[in-house]
Amino acid sequence: MRATEEDEIKLTWPKAKPFRAFCSDQYYNNRDEYFAYGQDQPYTMEEYVRTHMGLLKEQYRAKRRERTRRGE
């Protein structure tokens with residue numbers, strides 16, 4: 001892998017691993033929803049995250065706040 005490709009990958013994904021796992025879960029949930037309606041997922045994982053980054057951050061923060069209140 002060339003250095004430029006490696007740098008692109010680092011820029012694509014946030015550093016926090018729990019957030020990365022959350023993004024993966026959301027991607028697969030979204031993909032399953034498309035499949036349930038007989039459609040193909042229009043995004044790759046990277047495209048999905050890049051396109052929906054703001055929404056993913058908002059949902060992740062809300063989920064963290066909810067878990068914090070419950071004491072998990």
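How many helices and how many strands does the secondary structure of the protein come to? The answer is four helices and zero strands, where helices (H or I, at least four residues) and strands (E, at least two) are DSSP runs numbered from the N terminus. Please keep in mind that this is a predicted model, in which local features need pLDDT of at least 70, side-chain atom pairs count only at pLDDT 80 or more, and totals for chains, interfaces and linings use all residues. Residues are numbered from 1 along each chain as its sequence is written, and side-chain values use heavy atoms, with hydrogens and water left out.

**Overall picture**

- Along the sequence, the protein reads α-α-α-α.
- Of its 72 residues, 24% count as buried; buried means under 20% relative accessible area, exposed means over 50%, and partly exposed lies in between (1.4 Å probe, protein chains only).
- The accessible surface of the protein is about 5900 Å², and carbon and sulfur atoms hold 48% of that; such areas come from the Shrake-Rupley method with a 1.4 Å probe, and for residues only the protein chains shown count as cover.
- Taking contacts between residues at least 6 apart in sequence, 45% join residues at least 24 apart, with contact meaning heavy atoms within 4.5 Å.

**Salt bridges**

- Side chains of opposite charge can pair when their charged atoms come close.
- Searching the whole structure turns up two salt bridges, each defined as a side-chain nitrogen of Lys or Arg within 4 Å of a carboxyl oxygen of Asp or Glu.
- One of them links the side chains of Arg31 and Asp32, at 3.5 Å from N to O.
- Arg31 is partly exposed at 27% relative accessibility, and Asp32 is partly exposed at 39%.
- Arg70 and Glu66 also meet through their side chains in a salt bridge, with 3.5 Å from N to O.
- Both Arg70 and Glu66 sit in helix α4 (residues 53–70), four residues apart, or about one turn of the helix.
- Arg70 is exposed, with a relative accessible area of 52%, while Glu66 is partly exposed at 42%.

**Positive patch**

- Lys57, Arg61, Arg65 and Arg69 form a positive surface patch.
- For such a patch, residues need over 30% relative accessible area and no salt bridge, and like charges are joined within 9 Å.
- Lys and Arg count as positive, Asp and Glu as negative, and His and the chain ends are not counted; the charge is placed at NZ of Lys, CZ of Arg, CG of Asp or CD of Glu.
- Arg61, one of the patch residues, lies in helix α4.

**Tyr34 and Asp40**

- Tyr34 belongs to helix α2 (residues 17–36) and is partly exposed at 24% relative accessibility.
- Setting aside neighbours within four places in sequence, Tyr34 is in contact with Gln39, Asp40, Gln41 and Pro42.
- Asp40 is located in the loop between α2 and α3 (45–51), and at 63% relative accessibility Asp40 counts as exposed.
- Not counting residues up to four places away in sequence, Asp40 touches Tyr34 and Phe35.

Key:
Patch = residues over 30% accessible without salt bridge, like charges linked within 9 Å, V, L, I, M, F, W, Y side chains within 5 Å.
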